[in-house]
Amino acid sequence: MTSDTSFETLESLQTDIAELINRLPQSKHRQFIQQALLTILRLADDEVERLDWKILSASLADMERGFQMFYNYRHVRKVTIFGSARLSPTTPEYKMALEFARRVAELGFMVMTGGGGGIMQAGHEGAGRENSFGLNIQLPFEQQANPYIEGDRKLIHFKYFFTRKLFLLKESDAVAVFAGGFGTQDEVFECMTLSQTGKFGPVPLVLIDHPGGDYWHSWSQYVDKHLLQTGLVSPEDPSLYTITDNIDVACDAIIKFFQVYHSSRYVNNRLVIRLKSDLSDAEVEQLNADFSDILVQGKIEKTQALPQEGQDETYNLPRLILSFNQRDLGRLYQMIAAINKMGKPSAEDRAHPELK
């Protein structure tokens, strides 16, 4: 880069920053934009190495691409599919993943994968290009984009694993995992760790074997013997996931999760659960009777949107509010399952579980 080019770039940057500062008071996200700018300013005043700046700038570029692409699809629920890149189209696992992706796409969901071969390719082949996202990363082997997503505008090439995984989970409303190696095991355990600690979800997590397969059943035996029986995880933690070798069961686990439950967030340390349909007073009392053990104080109560949710697109949905202990996530998943057996969702909600 020449000095003239550097000067022109700096001059343009100064103009852009000045315009941003002028617009900031009217921006609905001004608080967060200001925080991001202040972070950059503090780093610029510190002794930060060149490599750190390269990581920061490349990470922001990764996130910029992800935020821009997914914004237009924010109202459609998405299913992330994980599994081995090494399984060929002739394997039963590949065929199962292809059929599962085809079924969830028919139900209206979109499918996300890492964009590579094997199970990732099966996901895109089954869902079709229009219903697929590919979140690819360049590796020396195994990770060229598969032909079913190559060249599509919904294919992103990430520089870093952590930014790629951020979007695979952030944009996901359900996770389906097929057989795989170290990478797949890393992904499923990270999903569970984040679910168990409340940093991800709640979303349905489905571990899918091919008919008669025992990959996940053997895995479950390990978890039961070495984690559950020794007290290293809670007895309710298996409620975080479903193991099946039946596509109907796998699809039902996802559909039923959003039968009445819509989404949730915290407001002033209280959990707000958004619902597709209101619950009766008797149903709320039943929830209090069955799940008072997960409350820090008070009761589970019905509420409308809180003032802090004024900019939320779900403002008109009915809600439950509770002082959740933020520890017993397995029990919270059990409560969501109970909620989904209550209420009376509309015919449109039942017909379109993919809408949010």
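Strand β1 (residues 78–82) is covered on both faces: K78, T80 and F82 on one side and V79 and I81 on the other are all buried, where buried means under 20% relative accessible area with a 1.4 Å probe and protein chains only. Since 5 of its 5 residues are buried, β1 is largely enclosed by the rest of the structure. In a regular strand the side chains alternate between the two faces of the sheet. Strands here are DSSP runs of E of at least two residues, helices are runs of H or I of at least four, and both are numbered from the N terminus.

This is a predicted model, in which local features need pLDDT of at least 70 and side-chain atom pairs count only at pLDDT 80 or more, while totals for chains, interfaces and linings use all residues. Residues are numbered from 1 along each chain as its sequence is written, and side-chain values use heavy atoms, with hydrogens and water left out.

β1 pairs with strand β2 (residues 110–113) in the parallel sense over 3 bridges; two strands count as paired if DSSP finds at least two bridges between them. T80 has M112 in β2 as its bridge partner. Helix α5 (residues 119–127) is mostly covered as well, with 8 of its 9 residues buried. Those residues are I119, M120, Q121, A122, G123, H124, G126 and A127. Their cover includes β1, α4, β2, β3 (132–137) and α6, with contact meaning heavy atoms within 4.5 Å. After α5 comes G128, whose phi is positive, near 90 degrees.

Two helix pairs can be followed next. Helix α3 (residues 50–71) and helix α6 (residues 161–170) pack at an angle of about 25 degrees, with their axes 9 Å apart. Axes are lines fitted to C-alpha atoms, for helices over the stretch in contact, and angles run from 0 to 180 degrees between N-to-C directions. The angle therefore makes α3 roughly parallel to α6; angles under 35 degrees count as roughly parallel, over 145 as roughly antiparallel, 65 to 115 as roughly perpendicular and the rest as oblique. The contact is made by S59, D62, M63, G66, F67 and F70 of α3 and F162, T163, L166, F167 and K170 of α6. By class, it has 6 nonpolar, 3 polar and 2 charged residues. Ala, Val, Leu, Ile, Met, Phe, Trp, Tyr, Cys and Pro count as nonpolar, Asp, Glu, Lys and Arg as charged, and the others, Gly among them, as polar.

The axes of helix α4 (residues 92–106) and helix α9 (residues 247–257) come within 10 Å and cross at roughly 40 degrees. α4 and α9 are therefore oblique to each other. M96, E99, F100, R103 and V104 of α4 meet I247, D248, A250, C251 and I254 of α9. This contact of α4 with α9 has 7 nonpolar, no polar and 3 charged residues.

β8 and β9 (residues 270–275) pair over 6 bridges.

Note on methods
Buried means under 20% relative accessible area, exposed over 50%, partly exposed in between (1.4 Å probe, protein chains only).
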